[in-house]
Amino acid sequence: MRALEHENSLVHHNAAYILAEIKPAPVLLLTKALRSHRPRVPAMAAVTLGQIGPGAKDAIPALIQTLKSKDRQARGTAVKALGQIGPLSPGVVQAVAGSLKDEDKHVRVCAAEALAAIGPAAAKAAPALIQAGKDNNQRVRAAAAKALGRIAPATKATTQPAEPAPTTT
């Protein structure tokens with residue numbers, strides 16, 4: 001834990017990398033690091049939890065809480081980690097979709113990318129992604145379109161325009 005909070009960024013980057021390689025993964029330790037007040041520590045913990053993937057499912061509530069952080073980097077990495085871990089807990093898709101409205105464009109892009117990573121299981125986020133397709137930032141719009149494409153099999157009915165009625169003459 002001390003290495004994760006070290007003031008030298010190289011030290012805490014390396015510590016996070018090493019922790020991701022330990023089996024079984026130190027999810028509890030990384031979950032505690034999400035609450036650190038030191039710069040970059042929560043973000044590095046989130047990155048590492050994302051690298052662990054579904055094995056970090058116990059960190060989902062803490063990652064969702066991190067989406068409320070004042071630190072945009074922590075919010076962005078937390079939303080990405082949720083996408084990498086997957087929708088293994090109720091509320092993941094809703095929390096990630098909520099980040100499509102974040103004040104920071106980087107976080108909004110990360111949210112769309114996370115929904116794309118979740119894939120068809122993120123079908124309930126289609127309306128939020130359609131709204132994000134109208135964002136004033138081009139990168140957000142592009143990421144939202146890509147996410148819609150990834151979840152398309154599950155959302156085809158909600159995103160396809162209705163066929164025109166046949167005309168009779």
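At what angle do H3 and H5 pack, and how far apart are their axes? The legends below refer to a predicted model.

**View 1. Packing of H3 against H5 in the predicted model.**
The two helices H3 and H5 pack at an angle of about 10°, and their axes are 8 Å apart. Because angles under 35 degrees count as roughly parallel, H3 is described as roughly parallel to H5. On the H3 side, the contact is formed by Pro42, Ala43, Ala46, Val47, Leu49, Gly50 and Gln51. These meet Gln73, Ala74, Thr77, Ala78, Ala81, Gln84 and Ile85 of H5. By residue class, the contact of H3 with H5 comprises nine nonpolar, five polar and no charged residues.

**View 2. Helix H3 and its burial.**
Of the 12 residues of H3, 10 are buried, so this helix is largely enclosed by the rest of the structure. The buried residues are Val41, Pro42, Ala43, Met44, Ala45, Ala46, Thr48, Leu49, Gly50 and Ile52. At 1.5 Å a residue, H3 should span 16 Å; the end C-alpha atoms of H3 are 17 Å apart, in agreement with that expectation. Just after H3, Gly53 adopts a positive phi of about 80°.

**View 3. The largest nonpolar core.**
This core has 45 residues, and those with the most contacts inside it are Leu49, Leu63, Val96, Leu115 and Leu129. At least two core residues are supplied by each of the helices H2 (27-33), H3 (41-52), H4 (60-66), H5 (72-85), H6 (92-98), H7 (105-118), H8 (126-132) and H9 (138-159). H7 provides the largest share, eight residues.

**View 4. The surroundings of Leu115.**
Leu115 is among the residues with the most contacts inside the largest nonpolar core. With neighbours within four places in sequence left aside, Leu115 is in contact with Val93, Val96, Ala97, Leu100, Ala122, Ala125, Leu129, Ala147 and Ile151. Two of these partners, Val96 and Leu129, are themselves listed among the residues with the most contacts inside the core.

**View 5. Gly76 in helix H5.**
Gly76 lies in H5. Its relative accessibility is 1%, and Gly76 therefore counts as buried, the cut-off being under 20%. Once neighbours within four places in sequence are left aside, Gly76 is in contact with Val107 and Cys110. The C-alpha atoms of Gly76 and Asp102 are separated by 9.6 Å, while the two residues are 26 residues apart along the chain.

Technical notes
Residues numbered from 1 in each chain as written. Predicted model: local features only at pLDDT ≥ 70, side-chain atom pairs only at ≥ 80, totals over all residues. Heavy atoms only, no water. Core = buried A, V, L, I, M, F, W, Y, C linked by side-chain atoms within 4.5 Å. Buried < 20%, exposed > 50% of the residue type's maximum accessible area, 1.4 Å probe, protein only. Helix = DSSP H or I, 4+ residues; strand = E, 2+ residues; numbered from the N terminus. Contact = heavy atoms within 4.5 Å. Axes fitted to C-alpha atoms, helices over the stretch in contact; angles between N-to-C directions. Parallel < 35°, antiparallel > 145°, perpendicular 65-115°, else oblique. Nonpolar A, V, L, I, M, F, W, Y, C, P; charged D, E, K, R; others polar. Expected span 1.5 Å × (residues − 1).
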